[in-house]
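Reader: I would like to go through the terms used for this structure one by one. Please set each value against its cut-off.

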Amino acid sequence: MLEKANEYIRQNRIDEKEKQMFHVTPEVGWMNDPNGFSVYQGKAHLFYQFYPYKTEWGPMHWGHQVTEDLVKWEACPVAMAPDQDYDHIGCFSGSAVEADGKHVLLYTGVSQKDGKEIQNQCIAIGDGKTYEKWQDNPVIRGDIMPEKFDRKDFRDPKMWKKDGRYYCVAGNRYEENCGQVVLFSSADYKNWQYEKVLLRNDGKNGDMLECPDYLELNGYPVIICSPQNMHAEKYEFHNGHNSIYIIGNPEKEISDFAWEKKRSLDYGLDFYAPQTTELPDGRRIMIAWMKSWDARVMTKGQKWHGMMTLPRELEIKDGKIWQSPVKELEKYKKNPVIYKEQKISGPVSLEGIHGRTIDMTVEFTDEITGEFSIDVAHNEMYTTTFTYDGEKHLLEIDRTYSGVDADVVCTRKIEIADKNNAPKLHFIMDRYSVEVFINDGEQVASTVVPTPVEADQILFTSDKECVVNIQKYEIEI
Ligand code: FRU
């Protein structure tokens, strides 16, 4: 099965120019969650949920790419295919660590028993290129958990090592519709014991918590998870399936996470199932699937579907996670075009400000009271608009005219956290995506744009005159 997938890729690999330039995309076919984001022998590895044969979800394989700088990625052979009795329905999401000089993957094996689907955790051990599934899989069976813990919805183990012991969190369903995150530990990553529940839904926050991650950031314990079918609260928690984080208390038990402190990790239309890893230099980096389960905005005829966000560095400030694009992107920024104190009144296009693979920052010199919009991926047929309403402090994303094939949700409003100033907007655009880092990463919004790349104009429009500073670079890999 693995050889079949690799052969299929060899014969059907898509031209690089048809894909994203510097965001991870599949070589062909379908991609969802990031998996096994880890550093092994000095290089960062990223695996992902992968079905090479169609641009739709199917029996899950693990695709694999590697990078030295988190910006330029190189494809590796497929790491795993669903070819064992304990994972024949799919090799679902999981994680990786370097252990005893080996690269150890911990993933969910999905199988069927007596007509019922079950999910258990399994390992595969490799050398950064090829991986062998462990002979005694599964290593964590649902049966080691207390009774009312579901045996079917039990997946997405995220593993780490601390003080010589391995730990892992996994998503699980408790009784009918109550998502929870459960903790396990092990001396050797092969024999695991159940520890406790780290987080259990209070009823409003989704019926299953997918892809949990536990990390320590700037001295705080943090839990990240992706609740399915989450209840939206005004401008927060849209997309149906969301990704949130909760910062815990360093003085207390690690299971002391309060739902009232939950926050969105991203405010755009496309973001799910993030995973983090720690780099040797201590930076904590997050990457996520830049798509939502409900939105399908891929263009017909495109031979790949699904992509990752840019890896982002995380930091806690003022009780919140701030995100910034990895600093390695700097070395790929070329040809600066800079406008200082540029007056904008009505619609304006500026010489040199255009492109689809760019890094652009727009800063206002003063507060504004009117509406200011930035149209990107724009021409006479297409546009994607970011409009800031200075009175309401809302930033609206609108991709209604970006060239979508299906009638899906195309707008999102973001309440800007800092209401004292007009926001600084840092756009990172690849061929088919826009990520906006608002106020140096206090909030971020990620959105797929299916527009043909020829639409590369950028337009600024202000209903009342205002003054901005603009910096724009091309990104070239
Ligand atoms: C999240 C998810 C995971 C699962 C995987 C299957 O997007 O549903 O919970 O492991 O996708 O592809």
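Author: This is a predicted model. To start, an oxygen atom of the ligand is 3.0 Å from an N or O atom in the side chain of Trp293. Taken alone the ligand exposes 320 Å², and the protein buries 94% of that.

Reader: Which residues surround the ligand, and how many of the shell are nonpolar, polar and charged?

Author: Among the surrounding residues are Asn32, Met60, Phe92, Arg155 and Tyr272. The shell has 5 nonpolar, 3 polar and 4 charged residues. Strands E1 (29-40), E5 (90-99) and E9 (149-162) each supply at least two residues of it.

Reader: Why is Asn172 called buried?

Author: Buried means under 20% relative accessible area. Asn172 has 0%, so the term applies. Asn172 is found in strand E10 (residues 165-174).

Reader: What does the side chain of Asn172 reach?

Author: The side chain of Asn172 reaches the backbone oxygen of Asp150 at 2.9 Å. The backbone oxygen of Asp153 lies 2.9 Å from a polar atom of that side chain of Asn172. Leaving aside neighbours within four places in sequence, Asn172 is in contact with residues including Met145, Phe154, Val182 and Leu209.

Key
Residues are numbered from 1 along each chain as its sequence is written. This is a predicted model: local features need pLDDT of at least 70, side-chain atom pairs count only at pLDDT 80 or more; totals for chains, interfaces and linings use all residues. Side-chain values use heavy atoms; hydrogens and water are left out. A residue is near a molecule or strand if one of its heavy atoms lies within 4 Å of it. A polar contact is a pair of N or O atoms within 3.5 Å; within protein, one must be able to donate a hydrogen and the other to accept it, and residues adjacent in sequence count only if both atoms are side-chain atoms. Accessible areas come from the Shrake-Rupley method with a 1.4 Å probe; for residues, only the protein chains shown count as cover. Helices (H or I, at least four residues) and strands (E, at least two) are DSSP runs, numbered from the N terminus. Ala, Val, Leu, Ile, Met, Phe, Trp, Tyr, Cys and Pro count as nonpolar, Asp, Glu, Lys and Arg as charged, and the others, Gly among them, as polar. Buried means under 20% relative accessible area, exposed over 50%, partly exposed in between (1.4 Å probe, protein chains only). Contact means heavy atoms within 4.5 Å.
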